[in-house]
Amino acid sequence: MVGFVAEQSAQAKQASQATEAGNTPIDFAREIRPILSDRCFACHGPDAAASDKLGGFRLDSFDHATAPGESGAVPIVPGRPEASELIRRINSNNPNRVMPPPQSHLTLTAEEKVLLTRWIEQGAAYTDHWAYQTPKRRAVPKAERSLAAWAQNDIDLFIAARMSGSGLLPSPQADRATLIRRASLDLTGLPPTPRQIDAFVNDPSDDAYEKVVDRLLASPHFGERLALVWLDAARYADTIGYQLDHERNSWPYRQWVVNAFNDNLPYDRFVVYQLAGDLLDGATQEHRLATAFCRMHMMNHEGGSIDEEFRVENVADRIETIATVFMGQTYNCARCHDHKYDPISQDDYFSLFAYFSSIPEKGVYTNKAAQAIAYPPRMDWMPPGVDDPERAVPISVMQELEEPRQEYVLSRGAYDQKLMDRPAVRRPPGYLGLPLPEGVANNRLGFAQWLVRPDHPLTSRVHVNRLWQMLFGNGIVRTPEDFGSQAQWPSHPDLLDHLAVQFVESGWDQKALIRQIVTSATYRQRATRTSEAAELDPENRLLSHFPRRRMSGELIRDQALFVSGLLSARIGGPSVRPYQPPGLWRELSMRKDSSTHTYIQDEGEGLYRRSLYTFLKRKVPPPQMSSFGAPNREACVVRRDVTNTPMQALVLWNDEQLLEAARALAQRTLGEADRDEARLSLMFRRCTGRTAGDQELGVLREALAYYRRRYNGAPEDAEQLLKQGQSPIDASVPAPELAAWMMVGNVVLSLDETIVRD
């Protein structure tokens, strides 16, 4: 939020200077609404109850802002700032009258005050919030000859227009070794092999890069990469949470997600199946399985808990997840009262609540610690190709009641405070002005179909932004969880709308959208920042170079297993339990009768599956991934923070899985080359994707020499070091020599260049 306020203040200053210089028309949506939303709406915004306590002084619409308050004063008099109470208040020196009030710790800059004054002089025009207007295909900007030659597709012309207007130029294209590593990690979560790098580098065809992209999009690992992002949003976990945190059957849903991305299931169907697949005519097993998305919330069966309280909490979690993931809206703010910043009423909240509460679920279930739990309503999912009912997997899904459950608005959102004079009526939210499509039922399925109607202002924008964020580190809107009034203004609003319209017109084709982005010249740029870019655009919002970004903990682990040759390529299946510190679950479990009190580590292949398949206990998530910022999946997460902590270095140097990968990498390298120089070069290239320079090879030679002396002088230490992990040790290599190479492998796997994409 600090960055948001700073950016809006900078925009206000620039706008103020522009209007003073030439009386340029002020853009309410971009220049005024963010100021009012951030400094005024908490008390004088859409929450009528809050503004009524302050004399009916509201600023969230033209009609309200130009109407007299209880005192007779008019907040805004169009064309007459001197008669506007707003201007009097923001310029007052009286601490009892100035706005924002001192106790709010909010202030307006001199430039913002000038901007508000100029806006009122110009007539105080209001426009709807940009995200609540249906996106329209924008005219593709024209570019000067050099930028037009640089561009690969329409994306680049939108990007070039913003750059050239700010005095920036795009960076040259990255070298081919960098490009294939970047695209491979982004589209499959795995690095390219040296052979794949060589094939691309030596391919003389004009479409060499496009062929690489198409191969990656067709890879079965593409679905795993996209699923990692989606499961954060879906709050997927293998336990129920709360105090007991029992095991639950969730993995069939994860497999459905991977398959859906690999099959390029159109996004509109991807949405409908997960929200209401069970209500489709002729609903299949897979349609019903998809609705497990709505049941991934935490589930409670602790003694003394109140059933109705936690039933309400289940539905509330469902609502917040759906609003965040599909609409980029903070609906939970409207559970207790009308939203403070956006026109989402409490009635809107409970109208959505009513769609998703009519299932035969309980809030508190009986203790079943002995087996993985699937709370009713549930289905017995049969893996494809399996007919034996005994092998069916029970999983919690959605199932509509024969008669809809009558819900009511809850006073302050409390489960036991029903307002009997305010029944919750199923309907889409009123503030978007979109009714249900003709001919659809007014139920969950109808709501899902409403979400994906072509003219919906949010659904396509939000998903395009999420995919852009996956590829560039930040979305075009940097607040993917919030497209409301408190959202950061899009860096490229016309591009976002252009892509959102294209996405719908393509039939919601996710692979086509991703292909367009990763084949753009913008995506292909070098990651080197110039001094001009550092000064003019320090956060790289204009994308004059490709943004470097540390990989997630899951991808760091997967890469280490892949380059070492340990990674299992098997897709799907139940969750696995690789290495973690002994006794961790036991120490952090609150109850011995929990089915996840004791961690039973896997043997064999289960130690080397992709991190996507690692068993995720909500109360004690996998520590290696948590150290790199992975969420515990207790709630929906659509943006991970990137951190840099000492704990991460300790994981890279000491984690058993990573040490074992270093040993396997050493063994692999020793078997593929017979000279130190060639071995060091191969190891470096396999991990970083590029050829080591002379200086880098010199450092690695020194490290190898040091570790050889270290372990030749203490062979017993070498023997102990090599025992990390369960994969076979190559007995043909003397222990001190293998230990020395293992430590060099550990160095290379820990390099910034190895764990950072680019």
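N264 is found in the loop between α14 (251–262) and α15, where helices (H or I, at least four residues) and strands (E, at least two) are DSSP runs numbered from the N terminus. Phi of N264 is near 55 degrees, a positive value in a residue other than glycine. This is a predicted model, in which local features need pLDDT of at least 70 and side-chain atom pairs count only at pLDDT 80 or more, while totals for chains, interfaces and linings use all residues. Residues are numbered from 1 along each chain as its sequence is written, and side-chain values use heavy atoms, with hydrogens and water left out.

**Backbone and loops**

- Most residues other than glycine have a negative phi, and most peptide bonds are trans.
- R412 also has a positive phi, near 55 degrees, and is not a glycine.
- The loop between β3 (408–410) and β4 (418–423) holds R412.
- R412 is exposed, with a relative accessible area of 60%; buried means under 20% relative accessible area, exposed over 50%, and partly exposed in between (1.4 Å probe, protein chains only).
- M99 and P100 are joined by a cis peptide bond, with omega near -10 degrees, and P100 lies in the loop between α6 (85–90) and α7 (110–121).
- The peptide bond between P376 and P377 is cis, with omega about -5 degrees, and P377 sits in the loop between α18 (346–355) and β1.
- D593 belongs to the loop between α25 (584–588) and α26 (623–626) and is partly exposed, with a relative accessible area of 30%.
- The C-alpha atoms of D593 and L244 are separated by 7.6 Å, although the two residues are 349 residues apart along the chain.

- Strand β1 (residues 378–381) has M379 and W381 on its covered face and R378 and D380 on its uncovered face.
- β1 and strand β2 (residues 393–396) run antiparallel and are joined by four bridges; two strands pair if DSSP finds at least two bridges between them.

**Aromatic pairs**

- The structure holds 36 aromatic pairs; rings of Phe, Tyr and Trp (its six-membered ring) pair if their centres lie within 6.5 Å, and planes under 30 degrees apart count as stacked, over 60 as edge-to-face and the rest as tilted.
- W230 and F270 form an edge-to-face pair, because their ring centres are 4.8 Å apart and their planes stand at 65 degrees.
- W230 lies in helix α13 (residues 220–233) and F270 in helix α15 (residues 267–276), so the pair ties together parts that are 40 residues apart in sequence.
- Both W230 and F270 are buried.
- Ring pairs link W230 and F270 into a cluster with Y253, W256, F261, Y267, F293, F326, F503 and W508.

**Helices α27 and α28**

- The axes of helix α27 (residues 646–654) and helix α28 (residues 656–672) come within 6 Å and cross at roughly 45 degrees; axes are lines fitted to C-alpha atoms, for helices over the stretch in contact, and angles run from 0 to 180 degrees between N-to-C directions.
- α27 and α28 are therefore oblique to each other, given that angles under 35 degrees count as roughly parallel, over 145 as roughly antiparallel, 65 to 115 as roughly perpendicular and the rest as oblique.
- V651, L652, W653 and N654 of α27 make the contact with E656, L658 and L659 of α28, contact meaning heavy atoms within 4.5 Å.
- The residues of this contact comprise five nonpolar, one polar and one charged; Ala, Val, Leu, Ile, Met, Phe, Trp, Tyr, Cys and Pro count as nonpolar, Asp, Glu, Lys and Arg as charged, and the others, Gly among them, as polar.
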